[in-house]
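Here are my notes on the model you sent over. Have it open while you read.

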Number of protein chains: 2
Amino acid sequence: MTAADEAQGLFFEIGMAHRVKVGAALADLGLTFTQAHALRLLEPDHPFPMSKLAELLFCDASNVTGIADRLEARGLVRRAEGTDRRVKMLTLTKAGVDLRARVMRLMNEPPAAITLLSAKDQRALRDILRRAVANLDADRARHRAWQTGTS
Amino acid sequence: MTAADEAQGLFFEIGMAHRVKVGAALADLGLTFTQAHALRLLEPDHPFPMSKLAELLFCDASNVTGIADRLEARGLVRRAEGTDRRVKMLTLTKAGVDLRARVMRLMNEPPAAITLLSAKDQRALRDILRRAVANLDADRARHRAWQTGTS
DNA sequence: CGCATAAAGTTGAGGTGGCCAAGTATCGAC
DNA sequence: GTCGATACTTGGCCACCTCAACTTTATGCG
């Protein structure tokens with residue numbers, strides 16, 4: 001088994017465990033994982049169209065309608081008109097900004113798996129993951145180029 | 001921002017991206033993420049009760065009924081009687097064993113974010129994540145002790 | 001033994017999230 | 001002005017998830 005293969009398995013295990021913990025904490029706030037994720041993406045004072053949210057969530061636009069409905073029903077989000085009257089700009093309300101802050105604290109909290117590592121390991125992990133994310137971005141850029149080149 | 005905090009953010013980003021990719025590949029096999037995960041947990045020749053699957057999936061027992069129904073309808077799994085006639089032992093069929101092997105290959109495949117790292121980084125990542133998972137296990141043991149101590 | 005209690009699984013109700021196809025309103029370009 | 005594209009919504013269908021209630025079987029205790 002290669003180092004990459006084993007790293008992948010370990011990565012998956014840590015991720016799943018953390019997701020379960022975060023999911024439980026979010027349930028206490030009355031939020032699902034998807035709702036919390038959407039809230040995270042919506043920066044205060046930077047509203048964006050629903051189509052943008054669909055893209056960021058990698059899901060169908062029709063799906064976003066329902067998610068926005070539920071967030072709006074809870075008073076976390078508002079659909080504001082854009083200059084283009086087809087688009088609805090998703091805007092955090094005051095309550096949305098506040099709850100988002102709590103969600104950010106909650107989801108950005110590293111799991112025990114990471115916090116219990118030595119300071120040296122934590123720094124090494126951060127540095128390696130920085131390079132890994134750079135690879136991710138390069139890979140995504142490759143895919144975009146391929147798509148536009150063949151469409 | 002601490003190294004642990006930043007590592008957590010990067011970790012999350014890589015995990016989400018990989019999940020999307022894996023989800024698409026699984027859809028090609030006609031499997032949902034949950035079904036694939038359940039299949040992965042069911043080792044060939046090591047059947048276990050449905051309650052055990054509920055525990056491993058961190059979900060309600062009633063949920064497992066539906067998941068098992070769908071896997072059984074596709075001929076991937078069988079409900080076999082145990083010595084205790086209340087329990088049903090989930091058992092992979094031949095088709096289940098075969099599809100599971102494909103799922104394992106698919107989900108164990110490290111994402112580009114990892115494979116594009118240098119060999120040195122890959123080994124370092126594996127070593128750090130091994131220690132992180134050890135922390136995870138220690139943390140879980142702590143929780144079990146706490147639960148049994150106060151129940 | 002006989003009965004109470006507990007455990008494993010199922011069922012049904014209710015809600016979230018995911019897709020697709022079809023529909024509406026608006027925009028932009030010809 | 002008309003046509004095609006774009007942004008969002010709607011409705012249908014399904015997977016998944018929880019909870020509460022139920023059936024069947026096991027087990028502990030008097």
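The points below go from the ground rules to the chain contact, the core and one leucine.

1. Ground rules. This is a predicted model, where local features need pLDDT of at least 70, side-chain atom pairs count only at pLDDT 80 or more, and totals for chains, interfaces and linings use all residues. Residues are numbered from 1 along each chain as its sequence is written, while chains are lettered from A and ligands numbered from 1 in the order in which they are written.

2. Chain contact. Helices here are DSSP runs of H or I, at least four residues, numbered from the N terminus.

3. Core. The largest nonpolar core has 28 residues, and A:L129, A:A132, B:L129 and B:A132 touch the most other members. Such a core is a set of buried Ala, Val, Leu, Ile, Met, Phe, Trp, Tyr and Cys residues joined through C-beta atoms within 7 Å. Two or more residues come from each of α1 (3–28), α6 (112–115) and α7 (119–150) in chain A and likewise in chain B. Leaving out residues up to four places away in sequence, A:A132 touches B:I14, B:A113, B:I114 and B:L117.

4. A:L39. This residue of helix α2 (33–41) in chain A is buried, because 25 other C-beta atoms lie within 10 Å (the cut-off is 20 or more, with C-beta atoms placed from the backbone). Beyond four places in sequence, A:L39 touches A:L76, A:G96, A:L99, A:R100 and A:V103. A:V97 is 58 residues from A:L39 in sequence, yet their C-alpha atoms are 8.6 Å apart.

How values were computed: Buried ≥ 20, exposed ≤ 12 C-beta atoms within 10 Å, placed from the backbone. Contact = placed C-beta atoms within 7 Å.
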